[in-house]
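Work through the exercises below with the model open. Try each task before reading its solution.

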Amino acid sequence: MLTPMNPLVPTTYDVIMSLIFIASAILTICVIILIARSEASSAAKAMAGLAVIIFPIIGPVAYLVYRRASLKDH
């Protein structure tokens with residue numbers, strides 16, 4: 001027989017999804033700050049910012065990979 005679940009205690013799934021959301025939000029905020037501080041043109045900053053906001057997890061990771069690659073070229 002299954003024991004009833006306490007509605008005040010979050011399930012493991014809820015905890016994991018909350019941690020993913022918090023990590024994604026922190027990563028997005030950090031990347032937006034990096035974009036704002038970069039020396040790129042306003043149009044490039046706007047495009048990168050939109051990509052980061054539209055694609056919450058893939059956008060920041062792609063920007064960081066691209067930025068790292070461009071820093072190695074210099």
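Helices (H or I, at least four residues) and strands (E, at least two) are DSSP runs, numbered from the N terminus. The model is predicted: local features need pLDDT of at least 70, side-chain atom pairs count only at pLDDT 80 or more, and totals for chains, interfaces and linings use all residues. Residues are numbered from 1 along each chain as its sequence is written, and side-chain values use heavy atoms, with hydrogens and water left out.

**Exercise 1. Annotated spans**

Task: Find the helix content and the end C-alpha distance of residues 48–66.

Solution: 
- Start with the record. UniProt, in an unreviewed entry, places the feature "transmembrane region" at residues 15–36 and 48–66. Its positions follow the numbering used here, feature names are shortened, and annotations may be inferred rather than shown by experiment.
- Take residues 48–66. The span is 84% helix and 0% strand, and its end C-alpha atoms lie 11 Å apart.
- Now take residues 15–36. Here the span is 100% helix and 0% strand, with end C-alpha atoms 32 Å apart.
- An unreviewed UniProt entry puts "domain: Cardiolipin synthase N-terminal" at residues 27–68. That span is 83% helix and 0% strand, and 15 Å separates its end C-alpha atoms.

**Exercise 2. Helix packing**

Task: Classify the packing of helix α1 against helix α2 by angle.

Solution: 
- Two packed helices are described by the angle between their axes and the distance between the axes.
- Axes are lines fitted to C-alpha atoms, for helices over the stretch in contact, and angles run from 0 to 180 degrees between N-to-C directions.
- Helix α1 covers residues 12–37 and helix α2 covers residues 42–54; they pack at about 175°, axes 10 Å apart.
- Apply the classes: under 35 degrees is roughly parallel, over 145 roughly antiparallel, 65 to 115 roughly perpendicular, and the rest oblique. So α1 and α2 are roughly antiparallel.
- List the contact (heavy atoms within 4.5 Å). From α1 come T28, V31, I32, I35 and A36; from α2 come K45, A48, G49, V52 and I53.
- Sort by type. Ala, Val, Leu, Ile, Met, Phe, Trp, Tyr, Cys and Pro count as nonpolar, Asp, Glu, Lys and Arg as charged, and the others, Gly among them, as polar. The contact residues split into 7 nonpolar, 2 polar and 1 charged.

**Exercise 3. The core**

Task: Which residues form the largest nonpolar core?

Solution: 
- A nonpolar core is a set of buried Ala, Val, Leu, Ile, Met, Phe, Trp, Tyr and Cys residues joined through side-chain atoms within 4.5 Å.
- Buried means under 20% relative accessible area, exposed over 50%, partly exposed in between (1.4 Å probe, protein chains only).
- The largest core has 5 residues: V31, I35, A48, V52 and Y63. Helices α1 and α2 each supply at least two of its residues.
- Inspect V52. Beyond four places in sequence, V52 contacts T28, V31, I32, I35, G59 and P60.

**Exercise 4. Burial along the helices**

Task: Are S24, T28, L27 and M47 buried, partly exposed or exposed?

Solution: 
- S24 is in α1. S24 is buried because its relative accessibility is 14%. Beyond four places in sequence, S24 touches P56 and I57.
- T28 is also in α1. At 14%, T28 is buried. Its contacts beyond four places are V52, P56 and P60.
- L27 belongs to α1. With 27%, L27 is partly exposed. Beyond four places, L27 contacts P60, V61 and L64.
- M47 lies in α2. At 60%, M47 is exposed.
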